[in-house]
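Let's take a walk through this protein together, one neighbourhood at a time.

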Amino acid sequence: MRYSSMKVWEGRCREGSNSEQGSDLMQVGISAIEYVLGSDRVSVEELEARGMLDSPAARLSEFGFSCARLSRESSYTLATAAVSKLLGTTGVDRTSIDALFYAGATPGCHAVVTPDPLSAFNYPVAQLQYELELTHAAAFGVSQVGCLGLMASVALAKDFLLSCEIARRALCVSADVLPAGCKREMIYNVISDGACAVLLEKECDRNRILAYRQVTKGYYWNSIAQKNEITAAYFPTARNIVRDTLADVSLNSSDISCILPHNVSLRSWEILLSLIQIGREKLFAENIAKMAHVIAADNWINLRDAAETGRLHHGDKLLLFTFGFGANWACMVLEH
């Protein structure tokens with residue numbers, strides 16, 4: 001297999017692994033997270049009965065899944081609900097948000113389509129900016145990175161804040177809703193509908209972004225034809241990017257207090273944990289069974305819920321890892 005022409009992009013956002021290293025740099029942290037899920041909770045047994053799975057429900061239960069959350073609403077409606085929820089709980093001044101990043105994994109999430117061909121240019125990020133009165137926010141759409149959408153948006157939002165002296169806040173939102181009646185299994189993973197909003201702020205000492213890496217291996221662009229090859233490449237590439245991201249800020253596996261995962265099968269996480277030499281007790285896996293894989297939102301939903309349950313403490317080093325068809329791997333380290 002030839003990789004000489006493969007385009008690999010590695011983003012690094014470093015602020016140091018301790019206060020001495022990062023004291024002279026502007027801090028960008030994640031100050032708030034809110035999410036909404038599809039309203040219909042459907043068990044894996046019912047999904048099997050509806051013909052929405054490729055594998056037996058019993059096997060997916062063994063892999064850690066119990067249900068999926070299906071939405072009767074559009075991805076845009078869920079995105080609006082998640083952002084409105086965040087704005088309501090934080091009370092943040094809407095005019096203080098300087099950038100809005102809108103992510104979605106599927107093409108249908110990136111256009112407000114009508115029969116008129118011109119509607120292909122009706123972008124939901126602009127609609128969201130207008131309807132929620134985020135009048136000072138520059139609007140960006142993030143697509144074609146699959147489940148990396150929200151993590152990539154957070155990394156881009158941080159870069160935006162650091163590059164623009166007068167900018168103070170950036171808001172990222174991801175939303176995905178699969179078409180009604182479609183399959184809910186993708187390579188032994190159960191997929192849910194949902195949306196998540198993440199607020200970044202300068203001079204925020206919560207969930208400070210220490211490091212980020214993203215690797216794209218375009219050889220695997222055809223997710224259907226190369227499903228087996230993607231599966232084979234998943235673990236070694238995941239191990240390498242986790243190792244390299246930790247090395248960027250002089251950390252090792254023992255320094256990580258908690259892993260905030262993408263909610264793919266628990267079985268796959270057990271394999272990856274052994275490769276990166278981190279104990280099972282550090283994996284926040286509570287949401288895998290009850291939420292399944294909410295496309296790009298998992299890591300951030302898990303961050304919010306882990307903090308809400310008291311699992312996290314000030315100064316904890318947190319590891320976020322995700323993978324998206326395309327094929328993209330990404331890893332981020334936060335300091336809580």
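Setting aside neighbours within four places in sequence, P124 is in contact with Y76, Y102, C109, H110, A111 and V112. You will find P124 in helix α5, which covers residues 124-131. Is P124 buried or exposed? Its relative accessible area is 4%, so P124 is buried. A79 is another residue to look for here: 45 residues separate it from P124 along the chain, while the C-alpha atoms of the two are 9.3 Å apart.

Before going further, please remember that this is a predicted model. The protein chain has an average pLDDT of 91, and 92% of the residues score at least 70. Residues 1-24 call for care, with a pLDDT below 50. Beyond near neighbours in sequence, this stretch still has 53 contacts in the model. Where pLDDT is low, the predicted coordinates should not be read in detail.

Now step back to see the overall layout. The domain assignment divides the protein chain into domain 1 (6-202) and domain 2 (208-335). Taken over C-alpha atoms, the centres of these domains are separated by 16 Å. Where they meet, 55 residues of domain 1 are in contact with 53 residues of domain 2.

Next, look inside. The largest nonpolar core has 48 residues, and the members that touch the most others are V154, C196, V198, L200, W300, M332 and L334. Which helix gives the most to this core? That is helix α6 (residues 149-163), with 8 residues. Both domain 1 (6-202) and domain 2 (208-335) give residues to this core, so it lies between them. A second, separate core holds 46 residues, including L47, V215, L283 and F321.

Leaving aside neighbours within four places in sequence, its contacts include I30, W300, L303 and L320. Among its other contacts are N207, R208, I209 and L210.

Y234 and F235 are both buried. They also belong to an aromatic cluster with Y219, Y220, W269, F321, F323, F325 and W329.

Charged side chains come next. Side chains of opposite charge can pair when their charged atoms come close. How many salt bridges does a search of the whole structure find? The search finds 14. In one of these, R304 and E34 meet with 3.3 Å from N to O. R304 sits in helix α10 (residues 298-308) and E34 in strand β1 (residues 28-37), so this pair ties together parts that are 270 residues apart in sequence.

Another salt bridge joins R168 and E203, whose closest N and O atoms are 3.5 Å apart. These residues lie 35 residues apart and link distant parts of the chain. R168 is partly exposed at 33% relative accessibility, and E203 is exposed at 57%. For a buried example, turn to D193 and R184: their salt bridge has its closest N and O atoms 2.9 Å apart, and both residues are buried. Salt bridges that share partners also join E34, K85, R304 and D305 into one network.

Finally, follow the backbone to a few details. E203 is found in the loop between β7 and β8. E133 has a positive phi too, near 60°. Its place is in the loop between α5 and β5 (138-142), and E133 is exposed, at 51% relative accessibility.

One last stop is the peptide bond from G326 to A327, which is cis, with omega near 5°. A327 lies in the loop between β10 (317-324) and β11 (328-335).

Definitions and conventions: Residues numbered from 1 in each chain as written. Predicted model: local features only at pLDDT ≥ 70, side-chain atom pairs only at ≥ 80, totals over all residues. Heavy atoms only, no water. Core = buried A, V, L, I, M, F, W, Y, C linked by side-chain atoms within 4.5 Å. Buried < 20%, exposed > 50% of the residue type's maximum accessible area, 1.4 Å probe, protein only. Helix = DSSP H or I, 4+ residues; strand = E, 2+ residues; numbered from the N terminus. Domains from an automatic or database assignment. Contact = heavy atoms within 4.5 Å. Salt bridge = Lys/Arg side-chain N within 4 Å of Asp/Glu carboxyl O. pLDDT = per-residue confidence, 0-100. Phe/Tyr/Trp six-rings, centres within 6.5 Å; stacked < 30°, edge-to-face > 60°.
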